[in-house]
Amino acid sequence: MDSVGKKSMKNQNQREGLIQRLRCSIQNYDWGKRGQDSQVARLSAFNSGSGINPQKSYAEFWMGTHESGPSFLIRNSDENNGFPIGSQIISLKDWISKNPNVLGEKVIQKWGSDLPFLFKVLSVGKALSIQAHPDKDLAKILHKLMPNVYKDANHKPEMALATTHFEALCGFINLKELKVVLDNVPEIEELVGSEEAKKVSGITDLDEEEKVKSALRSLFTHLMLASKEMITTVITKMKDRLHAESQARLLTEKEQLVLQLVKQYPTDVGVISAFFLNHVKLNPGEALYIGANEPHAYIFGECVECMATSDNVVRAGLTPKHMDVQTLCSMLSYKQGYPDILQGVAIGPYVTRYLPPFDEFEVDRCQLPQGESAEFPAVPGPSIFVVTFGEGIMYASNVQGDVITEGDVLFAPANTRIRITGASELQIYRAGVSSMFFQAS
């Protein structure tokens, strides 16, 4: 290679090794918090310089390469991130495809020249849809059959890490709890019929797991497929009963939640189906992970969320969007029991790591006091950092430090050592490929 070629390659390697600042997309779904109340709105305003509409919902802040909400590189005037001066703004996806080495060799071998994870911040003002995400095989089928609804062929395991008090419905309650629900919520039997209710009531602890799953599948499917007229009638009857009973007794937390959902979705079957699911409450710093084919719905609060790069959602309630009830009921695993809650593992005095059982991602939570520093060692895959509070300085390998503030989102290529110092109290989150994947490969 001649000297010109070597110089060009050196310049390209330097560009590939640099931290890239990103301008990110938002989603204004109806369930998002409105105006300044939304962390998504505030982050987006700092990130893009846009104003905040007090009447508008700001639901999700997307950081990654998915076409439904792409991130873009913020150009530097001197080098333009490796593209000719005067070129159009380029998406992170296109930049990675032109510079695949930023992903690292093992990531390219496993997932090709695209980021395997999608990083988000969510501001939930009212309940999201009752939903599940398909496994890879089903995702391919759904994408082929309905590409306008299921926009990619990937699975979507995910994790929500609470940044405020956060509530969700996730997974089916256990058999004992389900029997109590059937006894105490007569409206369910009215919807599904006495024969379906008896299938569950007659099961004992001695019965095989498959029999329990079969009875639950049948009961839940009958519920979700009930006619709109019957659902509306039963919800009204249940609401009136609970209001009357609240005069004589304290309603359970689940009953109070259901009445809250009635206000948001007064004629939706998801209101009744909430009785079947675990009501999960997370404190800041606690995380919930959700695998394929598991029912869930976020209820309220704010979180950092990470997932495989996909936007495949099969919905069946608590939503005005497209619902595919038959697909959801047939795809669910019908596993019962309370979900695992991750507390995270300290990997330093100021950094906690959350490692769900998925190859595509892990999340680090860094809380730095003013004047203190945290180091993120070089890893064989890429990382995305988002500053959610405060100000600091980020040093990449041996490059001079850059000031980072709330709303900044930064892409760090593979094999880049990061050190961050807090100029004030600083909170920053990192998403990267699972360290367990690299250890196993």
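Helices (H or I, at least four residues) and strands (E, at least two) are DSSP runs, numbered from the N terminus. This is a predicted model, in which local features need pLDDT of at least 70, side-chain atom pairs count only at pLDDT 80 or more, and totals for chains, interfaces and linings use all residues. Residues are numbered from 1 along each chain as its sequence is written, and side-chain values use heavy atoms, with hydrogens and water left out.

**View 1. K156 in its loop.** K156 sits in the loop between α5 (136-145) and β9 (158-162). Its relative accessible area is 4%, so K156 is buried (buried means under 20% relative accessible area, exposed over 50%, partly exposed in between; 1.4 Å probe, protein chains only). Contact means heavy atoms within 4.5 Å.

**View 2. S310, between β13 and β14.** The loop between β13 and β14 holds S310. S310 counts as buried because its relative accessibility is 0%. With residues up to four places away in sequence left out, S310 touches H66, L118, D152, N154, H155 and K156. Q36 is 274 residues from S310 in sequence. In space, C-alpha to C-alpha, S310 and Q36 are 28 Å apart.

**View 3. The largest pocket.** The largest pocket holds about 560 Å³ of space. The search runs on a 1 Å grid over the protein atoms alone: a cavity is a set of points where a 1.4 Å probe fits but cannot get out, whereas a pocket is an open set with protein on both sides within 12 Å along at least five of seven lines. Lining residues have an atom within 4 Å of a point. Grid points are joined across faces, edges and corners, and the volume is the space filled by probe spheres set on the points. The lining has 32 residues, and Y29, D311, V313, R315 and K321 are the closest to the pocket centre. β5 (60-63), β7 (117-124) and β13 (296-308) each give at least two residues to this lining. β13 supplies the largest share, four residues. By class, the lining of the largest pocket has 13 nonpolar, eight polar and eleven charged residues. Ala, Val, Leu, Ile, Met, Phe, Trp, Tyr, Cys and Pro count as nonpolar, Asp, Glu, Lys and Arg as charged, and the others, Gly among them, as polar.

**View 4. Two domains.** The protein chain divides into domain 1 (25-75 + 90-125 + 344-440) and domain 2 (139-342). These bounds come from an automatic or database domain assignment. The domain centres, taken over C-alpha atoms, are 30 Å apart. In the contact, domain 1 contributes 34 residues and domain 2 contributes 32 residues. Each domain also gives at least three residues to the lining of the largest pocket.

**View 5. Cysteines without a partner.** The structure holds zero disulfides (a disulfide is a pair of cysteine sulfur atoms within 2.5 Å). C306 is in no disulfide, and the nearest cysteine sulfur, that of C303, is 11 Å away. C306 is buried, with a relative accessible area of 0%. C329 is also in no disulfide; its nearest cysteine sulfur, that of C170, is 17 Å away. C329 is buried too, at a relative accessible area of 2%.

View 6. Most residues other than glycine have a negative phi. L318 has a positive phi, near 55°. The loop between β14 (314-317) and α13 (325-331) carries L318. L318 is buried, with a relative accessible area of 1%. N415 is not a glycine either, and its phi is positive at about 65°. N415 lies in the loop between β23 (409-412) and β24 (418-422). N415 counts as exposed, at 53% relative accessibility.

**View 7. F389 on strand β20.** F389 belongs to β20 (residues 383-389). Its relative accessibility is 43%, so F389 counts as partly exposed. F389 touches E406, E425, L426 and Q427, with residues up to four places away in sequence not counted. F389 and I428 are 39 residues apart along the chain, and 7.1 Å separate their C-alpha atoms.

**View 8. L206 in a loop.** L206 lies in the loop between α8 (194-201) and α9 (209-224). L206 counts as exposed because its relative accessibility is 81%. K110 is 96 residues from L206 along the chain, and their C-alpha atoms are separated by 43 Å.
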